[in-house]
Amino acid sequence: MTPLSQEEAQRYARHLILPEVGKSGQECLKSASVLLIGAGGLGSPMALYLAAAGVGHLGIVDFDVVDVSNLQRQILHGESTLGQTKLNSAKKRLKDLNPFIHLTLIEEPLTSDNALSLFKDYDVIADGTDNFPTRYLVNDACVLSHKPNVYASIFRFEGQLSVFNYQDGPCYRCVYPEPPPPGLVPSCAEGGVLGVLPGVMGSLQANEVLKVILDIGDVASKRLVLYDALKLRFRELKLKKDPQCPICSQHPTQTQLIDYQGFCGISADSTTESEPSIPSMLVKELATLMNNPASKTVLIDVREAHERDICTIEGSIWVPLNQVDDYFLSCDKHQHYIIHCKSGGRSAKVVQLLRNKGFDACNLHGGIMAWAHEIDPSMLHY
């Protein structure tokens, strides 16, 4: 282990007086390496607290840029770094917080081609991703690399946490053998997330990372911790290893990384995770139709009421997603319908449903946000 300098001893004084950490534990943290997958909502508090705690080597994988909509929850970034890469933003903040740590910034997507080579240099992998293909990729790469996977996920007001592939505990695939159908689970961009929730869950992830490195406490392996922010309630589900797990069982059927986009049912030519290849219309085409008095096109808005309160396209008819079936029972199948939501995911599912029932329907590509960007810049974005 790498000894502490005098400056580091002063910095970590509150750790040194903890019997469970002490000088040897802090030196263990200094010698440890952690790879964070993502520098967003979950990655922000993880990076900040692990850097502050003195984890000697932090790697961060991310290839996104800082957008103003990130700042509601991604506390690693700020107004001064808008438009910059999240890695550049993270480097400035983390080095200011703790100049003694070493940072490795990996500005590229995590893929089946690079995951194993990236993981081999780290002791712990912390998953801060927000999509299913990458979650399964992280899990499988952790199993094949024999690395613990400190996992969390967030949605609206709820979070989940576990430590997978730790001391012969279950992996993510043991709990979730198959991904949900594409588009079934809305992203945070569509479903929303309470800004403080990733702070809670990311901090809990950082806590589990420190426990794993220090080998203290009861690590959240073999259990799934569920957090409800509205009720301020934690619950736990007991987990066990699946003896038939295709990746972590004694006789695995999968011994290498695979195509995780295909595994999650996402075709290579899909424009988004939740938007399959179906008939669609650009917002400029819609604007032309809306300005034509002879047009008989019907624009249907399938968003929720609170979304419609933020912004609407004039002339659209509001049919919430859960009322679509009832609404179209009495509709003319020869009428041309254009369906829109926020960004095209939910409306794509509605279009597919309607076309299966014989309706002439197409999806508004990019949804109302594309309309706001290209047609009506005065419209509120969300």
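1. A helix here is a DSSP run of H or I with at least four residues, numbered from the N terminus. On that basis α7 covers residues 132–145, and the residue that follows α7 is His 146, with a positive phi near 60°. The model is a predicted one.

2. The length of α7 is consistent with its residue count. Its 14 residues, at 1.5 Å a residue, should span 20 Å, and the C-alpha atoms at its ends are 20 Å apart, so the two values agree. The helix is mostly covered, with 13 of its 14 residues buried.

3. The bridge partner of Gly 159 in β7 is Tyr 227.

4. In one of them, Tyr 151 and Tyr 172, the ring centres are 5.3 Å apart and the planes stand at 55°, so the pair is classed as tilted. Tyr 151 belongs to strand β5 (residues 149–155) and Tyr 172 to helix α8 (residues 172–175), so the contact ties together parts that are 21 residues apart in sequence. Tyr 151 and Tyr 172 are both buried.

5. Tyr 172 also pairs with Phe 164: the ring centres are 5.8 Å apart and the planes are at 80°, so this pair is edge-to-face. Phe 164 has a relative accessible area of 0% and is buried, while Tyr 172 counts as buried at 2%. Both residues belong to a cluster linked by ring pairs, whose members are Tyr 136, Tyr 151, Phe 164, Tyr 172, Tyr 176 and Phe 263.

6. Two charge-over-ring contacts can be noted. Arg 173 sits over the face of Phe 263, 4.7 Å from the ring centre; Phe 263 is also a member of the aromatic cluster. Lys 342 takes a position over the face of Tyr 382, 4.8 Å from the ring centre.

7. The salt bridge count is 14. One of these joins the side chains of Lys 30 and Glu 8, at 2.7 Å from N to O. Lys 30 lies in helix α3 (residues 22–31) and Glu 8 in helix α1 (residues 6–11), so the bridge ties together parts 22 residues apart in sequence. Lys 30 is partly exposed at 22% relative accessibility, whereas Glu 8 is buried at 4%.

8. Burial of the partners may be set side by side for two further salt bridges. Asp 301 and Arg 303 have their closest N and O atoms 2.8 Å apart; Asp 301 counts as buried at 0% relative accessibility, and Arg 303 is also buried, at 0%. Lys 120 and Asp 121 meet at 3.3 Å, N to O. Here Lys 120 is exposed, with a relative accessible area of 53%, and Asp 121 is partly exposed at 48%.

9. Salt bridges also form a network that links Asp 218, Arg 223 and Glu 236.

Definitions and conventions:
Residues are numbered from 1 along each chain as its sequence is written. This is a predicted model: local features need pLDDT of at least 70, side-chain atom pairs count only at pLDDT 80 or more; totals for chains, interfaces and linings use all residues. Side-chain values use heavy atoms; hydrogens and water are left out. Rings of Phe, Tyr and Trp (its six-membered ring) pair if their centres lie within 6.5 Å; planes under 30 degrees apart count as stacked, over 60 as edge-to-face and the rest as tilted. Helices (H or I, at least four residues) and strands (E, at least two) are DSSP runs, numbered from the N terminus. Buried means under 20% relative accessible area, exposed over 50%, partly exposed in between (1.4 Å probe, protein chains only). A charge sits over a ring if NZ of Lys or CZ of Arg is within 6 Å of the ring centre and within 35 degrees of the ring normal. Two strands pair if DSSP finds at least two bridges between them. The expected span of a helix is 1.5 Å times one less than its number of residues. A salt bridge is a side-chain nitrogen of Lys or Arg within 4 Å of a carboxyl oxygen of Asp or Glu.
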